[in-house]
Amino acid sequence: MRLANARLLDGTLSDIDLLDGEIERVSLAGSTAAVGERRDLEGAVVIPGLWDEHTHMGQWARHRTRQSVLAAESADEAAAIARQASAAHVGTDPLVLVGMRDGLWPAPPTRALLDAATGSVPTLVVSSDVHCSWPNTAMLRRLGIELEGPLLREDAAFAALTAIEGMLDPAALDRHVVDALAAAAARGVVGVVDLEFEDAVGAWARPGRSTPTRVEAGVYRHDLELAAERGIRSGDPIAGRARVGRLKVIFDGSLGTRTAWTAHPYGWGGSPATTGVRNVDEAELDRLLARAGEIGLDATVHAIGDAAVTAAIDAFERAGMTGGRIEHAQLVAGVDIPRMARLGIVASIQPEHALDDRELTAALWADRSRDAFRIRSLLDAGVPVVLGSDAPVTPLDPWLAIATAVTRTRGDESPWQPEEAVTLEQAVGISARSRLAAGEPADLAVLGAPLPEGDDPHAVAAALRAMPVALTMIEGETVFEG
């Protein structure tokens, strides 16, 4: 098959020949004879198919069906939204709301406030970063949890979400996941890394998860020995195009929950000094990385604070691992960047977090904000960078990440740390796993509009965020056509 008159990112008008799921040849338009089917793209831009390198697919699929409190500017406003949702709630399933950003609220949430709003309906309000949640008393009873304060944090929050998922219909979840990936294909997505907290490998073996999308399913430490029993290694097939991914270790917390592990105390006015938390100690991290290596699993470490990033690099170096990954890498000390490059450590970054958290960064990390949400500094130093969404924290839409990486702005906001912006070619390159070249997979996205031009970052950001996709192909198979 020939995709004729395809415009590449550099503006070149080319013909792209596909054969047996791969790109057979890329040539100047009209310079070679076509063999077989010919489709004239009439100058439409073609890019490699896009990947979202960090998702939680089950949560994202559910999130798309749940009420959000993201617009709430206080606990009272969030409780009012919960009141309406609980009044409309039917059935016996627990009620879950999403999008809480209590770090920006003027006063902390209380259980009494949520109880007054939701009564006997078991209710959980999950933070936008998923690292904490606000349960009412009925939900605590349903989960069998005793809690002194108002919030579940870190492992307790993850455990609560996992327990709630176990109460819901897995067949319905699978349908939601397939629908979510179909929507992602309409944005040019050909693959996702699924770092769901549950047994993601087992979930992707279910027949209801059948989807053309490429998937890498992560393994958490609580399932590490299950992976050993299964005899699975990174890259092994699960079903369809789903493959086994990496061991993921959540080493520290998050900025929004004030639990990311930092080298210096948070600028947290009026509150006790904190440097966040470690969810596992360094000896346990060493053990997990060693065990992953023994059974053939690659590894990635969730590290947001600068102390966590430093310690994760140290652990990879002690383990003798090259090509490890750090998820998020939101705060990276300058001295650690060349170390990451030397060890080939991949920085898996979610650009939208930079704009979502710019106020929190100013409030909590003001003294080190220059080290926050770097992309260009990492690329310039030779650190491999990949982009993702962390869905459901931000939507599964790579054009949002690309737009933010290129412009560092959205809406009418001034560009934030524009010195860390990258070119459009770079942003697309680190959002894809293939190239438009002979021998590469025929994973392609055909755009439905020209690429934006000009020096106005707001206009460029708006155009990229709304970029239409006309066609998405995986191994030469059309998975979306608009």
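Predicted model: local features only at pLDDT ≥ 70, side-chain atom pairs only at ≥ 80, totals over all residues.
Residues are numbered from 1 along each chain as its sequence is written, and side-chain values rest on heavy atoms, without hydrogens and water.

Five cavities of 30 Å³ or more were found in a search of the whole structure (a cavity is a set of points, on a 1 Å grid over the protein atoms alone, where a 1.4 Å probe fits but cannot get out; points are joined across faces, edges and corners, and a volume is the space filled by probe spheres set on them). The volume of the largest cavity is about 130 Å³. Its lining (residues with an atom within 4 Å of a point) consists of Gly-58, Gln-59, Arg-62, Arg-66, Leu-161, Thr-162, Ile-164, Glu-165, Leu-173, Glu-196, Phe-197 and Glu-198. Two or more lining residues come from each of helix 1 (57-63) and helix 5 (155-167) (helices are DSSP runs of H or I with at least four residues, strands runs of E with at least two, numbered from the N terminus). Helix 5 provides the largest share, four residues. By class, the lining has four nonpolar, three polar and five charged residues (Ala, Val, Leu, Ile, Met, Phe, Trp, Tyr, Cys and Pro count as nonpolar, Asp, Glu, Lys and Arg as charged, the others, Gly among them, as polar).

Six aromatic pairs were found in the whole structure (ring centres of Phe, Tyr or Trp, the last by its six-membered ring, within 6.5 Å; planes under 30 degrees apart are stacked, over 60 edge-to-face, the rest tilted). Among them, Phe-251 and Trp-261 have ring centres 5.8 Å apart and planes at 90 degrees, so the pair is edge-to-face. Both residues lie in the loop between strand 14 (242-250) and helix 9 (282-295), 10 residues apart in sequence. Phe-251 is buried at 0% relative accessible area, and Trp-261 is buried at 14% (buried is under 20%, exposed over 50%, partly exposed in between, with a 1.4 Å probe and protein chains only). The rings of Phe-373 and Trp-416, with centres 5.9 Å apart and planes at 70 degrees, are also edge-to-face. This pair links distant parts of the chain, 43 residues apart, and both of its members, Phe-373 and Trp-416, are buried. Phe-158, Phe-197 and Tyr-220 form one aromatic cluster.

The charged end of Arg-278 sits over the ring of Trp-261, 4.3 Å from its centre (NZ of Lys or CZ of Arg within 6 Å of the ring centre and within 35 degrees of the ring normal). The charged end of Arg-433 sits over the ring of Trp-51, at 3.8 Å from the ring centre.

Key. 1 Å grid on protein atoms, 1.4 Å probe; cavity = no way out; pocket = protein on both sides within 12 Å on 5 of 7 lines; lining within 4 Å.
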